[in-house]
Amino acid sequence: MATPSPGTPYARDLAQIDAANATGRIPAVFIHGLWLLPTSWQRWAAVFEEAGYAPVLAGWPDDPDTVADANAHPEVFAGKSVGQVADHFCDLIGKLDRKPVLIGHSFGGLITQISAGRGLAQASVAIDPAPFRGVLPLPLSSLRAASAVLGNPANYHRAVPLTYEQFRYSFANAVSEAEARELYDTFAVPAPGEPLFQAATANINPWTEAAVDTAAADRGPLLIISGEKDHTVPWAIANASYKKQARNEHAVTEITEIAGRGHSLTIDHGWREVADTALTFVRRFVDPRP
């Protein structure tokens, strides 16, 4: 493999891996979902670093540095599948000297569970995770949230931005209008359409990439966090994911609901409550000290 050029997304991810390895600490790998960038985890990274973990804010393939860059060049997001992104993160995780803890939101929560199912995590937290094969509920709010992409089959190969109104419904329905505007301007970027089509068809495609090995003996402890008012991944989906995962007889599986919170729960004014919930779970199972 050719050496990545300095400043490329992959080179930046590798630099974070090297930095985490140099600390000798347990890494905490944060995996974002659609319409966000790794920078959405910066406040979480500070909390986990203070707790003794080595944070890694790796991106999806080709993620730009900033929201401004992302909105100026939406084409870089197109053509990313669940399998490609999962393999990308598993490759990065495999370069860590110590098995990490994984924290993922939305489709990042799905990637977290795929990676944990491959035995790559000491413990995992999946926050409002996108559904995988075998998760059957299809609430109307989820269908409406996904319609921004699924409403046009041509979006399968495209990068799709959300309008403010779409973001308000799918992410920021549980915050004020002023905060919703601020979150949209601060965090929202285009996203590949393909993962949403993959999730939508997972239960009719036996070869889907949106699949999780829920029975893996080395999966590690898993917490699923659900926002009570989430339109995109409501309780019905999160709980169905939990029930599938809870059949794993080798590892702890838990679920908790955060009252009054929507899909923006990792980035809005209440992010610290969610971060502390995740950190408390991780600490029960993984000592960050070298």
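A residue is taken as buried when its relative accessible area is under 20%, and by this criterion strand 3 (residues 101-105) of the predicted model is mostly covered, with 5 of its 5 residues buried. V101, I103 and H105 point one way from strand 3, whereas L102 and G104 point the other way, and all are buried. In a regular strand the side chains alternate between the two faces of the sheet.

Strand 3 is joined on one hand to strand 1 (residues 27-31) by 4 bridges, the two strands running parallel, and on the other to strand 4 (residues 123-127) by 5 bridges, again in parallel. I103 takes part in both pairings, being the bridge partner of F30 and standing opposite V125 in strand 4. Strand 1 also pairs with strand 2 in the parallel sense, over 3 bridges, and here P27 has A54 of strand 2 as its bridge partner.

These pairings belong to an open sheet of 6 strands, which has the order 2-1-3-4-7-8 and parallel pairing. Strand 2 (54-56) and strand 8 (253-258) stand at the edges and have a single partner strand each, so that one side of each is left without a neighbour in the sheet. On average, neighbouring strands of this sheet are turned by 15° against each other when direction is ignored.

Helix 2 (residues 42-50) lies across strand 1, strand 2, strand 3 and strand 4, and runs at about 165° to strand 1. Helix 5 (residues 107-117) lies across strand 1, strand 3, strand 4 and strand 7 (222-227), running at about 150° to strand 3.

From helix 2, the residues R43, W44, V47 and F48 meet W271, R272, V274, A275, D276, A278, L279 and V282 of helix 11. The residues of this contact divide into 9 nonpolar, no polar and 3 charged.

When neighbours within four places in sequence are left aside, S142 is in contact with H231, T232, V233, P234 and I237. The C-alpha atoms of S142 and K95, which lie 47 residues apart along the chain, are separated by 36 Å.

Terms used: Residues numbered from 1 in each chain as written. Predicted model: local features only at pLDDT ≥ 70, side-chain atom pairs only at ≥ 80, totals over all residues. Heavy atoms only, no water. Axes fitted to C-alpha atoms, helices over the stretch in contact; angles between N-to-C directions. Contact = heavy atoms within 4.5 Å. Nonpolar A, V, L, I, M, F, W, Y, C, P; charged D, E, K, R; others polar. Buried < 20%, exposed > 50% of the residue type's maximum accessible area, 1.4 Å probe, protein only. Pairing = 2+ DSSP bridges.
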